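I am opening my notebook on a structure that is new to me. These entries keep to what I looked up, one topic at a time.

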Amino acid sequence: INIEKGDELIDVQVTDGRNDIVLATRHGMSIRFHEQDVRDMGRTATGVWGIALDKKDQVVDLVVIRRSATLLAVTERGMGKRSELDEYRVQHRGGRGIITLKRNEKTGAIVALKEVQPEDELMMITKKGIMIRVPVDGIRVTGRNTQGVKVMNLTPGDLVVDVARIVKEDEDDANGDEDETPKKPKAVKAAKAAKAAKAAKAAKAAKKGGGKK
């Protein structure tokens, strides 16, 4: 992709040609459009407008709608809320979008928008390096144009900088991998066997030497 001066790439997602896309901005705006609204282009193309930004606003997250879920917005001051997907009507790309969270001094700017289900969890990290794991079902579903509830308590001067979604099935797969005992390479086994044989030979020689004395 060709990145223009002052711009940066924030995410890359694989889609199947039938998904809806949601873009969220730092100032609390969002837009939902069908991916077919974005024409196919060459690898080095600059792309087309997804959302029209106000001055000093910027896109902070990209969501590809794949599941029957809710959209969770998290702010830099630790506020969060879930809203039903139906609250985000499909529009044509390139518009100003709609309000996804009522931003004010208490909430701060949006740092993440995630597609979540009740059994999912969130991993949140602050600029001071504090991490917390939060169950999604503890965050109630509210209207789109609201400020949400406190999800993470922060110390003075600290801010949430990133949020990751933990899907239960991914965690189960990871736990399954941990249960499997990794097989040792044959080369390592051979080296250990050679070392043991050498030690046994040395011990035998030492024993013979002791007998002569």
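Before turning to the sheet I note the rule I rely on: two strands count as paired if DSSP finds at least two bridges between them. I also keep in mind that this is a predicted model.

Entry on the sheet. I looked up how strand S8 (residues 121-126) is joined to S9, and I found 5 bridges between these strands, which run antiparallel. One of the residues I followed was Glu121, whose bridge partner in S9 is Pro135. I then took the sheet as a whole, and I read an open sheet of 3 strands in the order S9-S8-S11, with antiparallel pairing. Strand S9 (131-135) and strand S11 (160-166) each have a single partner strand and stand at the edges, so one side of each is left without a neighbour in the sheet. From one strand to the next, I noted, the twist averages 20°.

Entry on a backbone angle. I recalled that most residues other than glycine have a negative phi. Against that background I looked up Lys56, which is not a glycine and yet has a positive phi of about 70°. I placed Lys56 in the loop between strand S2 (29-34) and strand S3 (59-65). Is Lys56 buried or exposed? I found a relative accessible area of 73% for Lys56, and because exposed means over 50%, Lys56 counts as exposed.

Entry on the surface. I found a nonpolar patch formed by Ile1, Ile3, Leu9 and Val12, which together have about 380 Å² of accessible area. I located Ile3 in the segment before strand S1 (20-25), and I recorded Ile3 as partly exposed, at 39% relative accessibility.

Conventions:
Residues numbered from 1 in each chain as written. Predicted model: local features only at pLDDT ≥ 70, side-chain atom pairs only at ≥ 80, totals over all residues. Heavy atoms only, no water. Helix = DSSP H or I, 4+ residues; strand = E, 2+ residues; numbered from the N terminus. Axes fitted to C-alpha atoms, helices over the stretch in contact; angles between N-to-C directions. Buried < 20%, exposed > 50% of the residue type's maximum accessible area, 1.4 Å probe, protein only. Patch = residues over 30% accessible without salt bridge, like charges linked within 9 Å, V, L, I, M, F, W, Y side chains within 5 Å. Areas by Shrake-Rupley, 256 points an atom, 1.4 Å probe, with all protein chains shown as cover. Salt bridge = Lys/Arg side-chain N within 4 Å of Asp/Glu carboxyl O.
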